[in-house]
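Here's a quick briefing to read alongside the structure. Keep the 3D view open and find each piece as it comes up.

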Amino acid sequence: MAVRIGDTAPNFRADTTAGTLDFHEWAGNSWIILFSHPRDYTPVCTTELGAVAKLKPEFDKRNVKAIGLSVDPLNDHNGWVKDIEETQNCQLNFPLIADPMRRVSTLYDMIHPNANDSFTVRSVFVIDPAKKVRLTLTYPASTGRNFQEILRVVDSLQLTDNHKVATPADWKDGQDVIIVPSLKDEAEINRLFPKGYTTIRPYLRVTPQPNKK
Ligand code: BEZ
């Protein structure tokens, strides 16, 4: 069954390039980006894993840990990691799950048989510290993902968890945000958003991002 937004992320034990782990235990109190890629020793996947490794400082700032997965065995992962490090000029600083029995891929519905019945598609799950799934994305094998976009979603989730706002199209950290339509009381709005707000329509009110100077 598909794993959807709001579900508790299913737990599993798996072999990874960083040893065997219990997913929930490994996740601890961090946000998690769990992502699958179709195969080892393939070009797009090589660039994706390099891109994720290079974003570690950005993940650390946001209390995020990344973990990748493919259905190839650990021996393949270990050999391929050397190629990733050489060609992408990085250290693979996050675990890669080896899922040859397709246990985790099946649990998270990462194999879409009408696309390919053997390999995982490019799935992404953002999971919060309470182990709730907060974002799901699915990309085809031919298209490498934009991991800046995934960071952008994490920024939005972390902001909107703490303030009564939502983020507009193409929003980036630091830009104006939208006051949630359910907030009606003017005194409360003035208290929560002391920098002021603009009413474009009664349901569309914008304010400077509340957690920025
Ligand atoms: C790739 O990562 O390059 C790739 C993997 C599977 C199908 C197509 C491309």
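Start at isoleucine 178: its bridge partner in S11 is valine 206. Bear in mind that what you're looking at is a predicted model. From here we'll go through the sheet around that pair, then the other sheet, the domains and the ligand.

**The four-stranded sheet**
- Strand S9 (residues 177–179) and strand S11 (residues 204–207) run antiparallel, and two bridges join them.
- Both belong to an open sheet of four strands, and if you walk across it you meet S8-S9-S11-S10.
- The pairing in this sheet is antiparallel.
- At the edges you'll find strand S8 (165–166) and strand S10 (198–201), each pairing on one side only.
- What holds neighbouring strands together in a sheet? Strands pair through backbone hydrogen bonds, either parallel or antiparallel.

**The seven-stranded sheet**
- The other open sheet has seven strands, in the order S2-S1-S5-S4-S3-S6-S7, and its pairing is mixed.
- On average, neighbouring strands here are turned by 30 degrees against each other, ignoring direction.
- Take a look at strand S6 (residues 122–127), which runs antiparallel to S7 and is joined to it by six bridges.
- Within that stretch, isoleucine 127 stands opposite valine 133 in S7.

**The two domains**
- The chain splits into domain 1 (13–145) and domain 2 (163–207).
- How far apart are the C-alpha centres of domain 1 and domain 2? They lie 35 Å apart.

**The ligand and its surroundings**
- Around the ligand sit Pro38, Thr42, Pro43, Val44, Cys45, Arg122 and Ala141.
- Sorted by type, the residues of this shell come out as five nonpolar, one polar and one charged.
- Helix H2 (residues 43–54) gives the largest share of the shell, with three residues.
- How much of the ligand does the protein bury? Taken alone, the ligand exposes 260 Å², and the protein buries 73% of that.

Technical notes
Residues are numbered from 1 along each chain as its sequence is written. This is a predicted model: local features need pLDDT of at least 70, side-chain atom pairs count only at pLDDT 80 or more; totals for chains, interfaces and linings use all residues. Side-chain values use heavy atoms; hydrogens and water are left out. A residue is near a molecule or strand if one of its heavy atoms lies within 4 Å of it. Accessible areas come from the Shrake-Rupley method with a 1.4 Å probe; for residues, only the protein chains shown count as cover. Ala, Val, Leu, Ile, Met, Phe, Trp, Tyr, Cys and Pro count as nonpolar, Asp, Glu, Lys and Arg as charged, and the others, Gly among them, as polar. Domain bounds come from an automatic or database domain assignment. Two strands pair if DSSP finds at least two bridges between them. Axes are lines fitted to C-alpha atoms, for helices over the stretch in contact, and angles run from 0 to 180 degrees between N-to-C directions.
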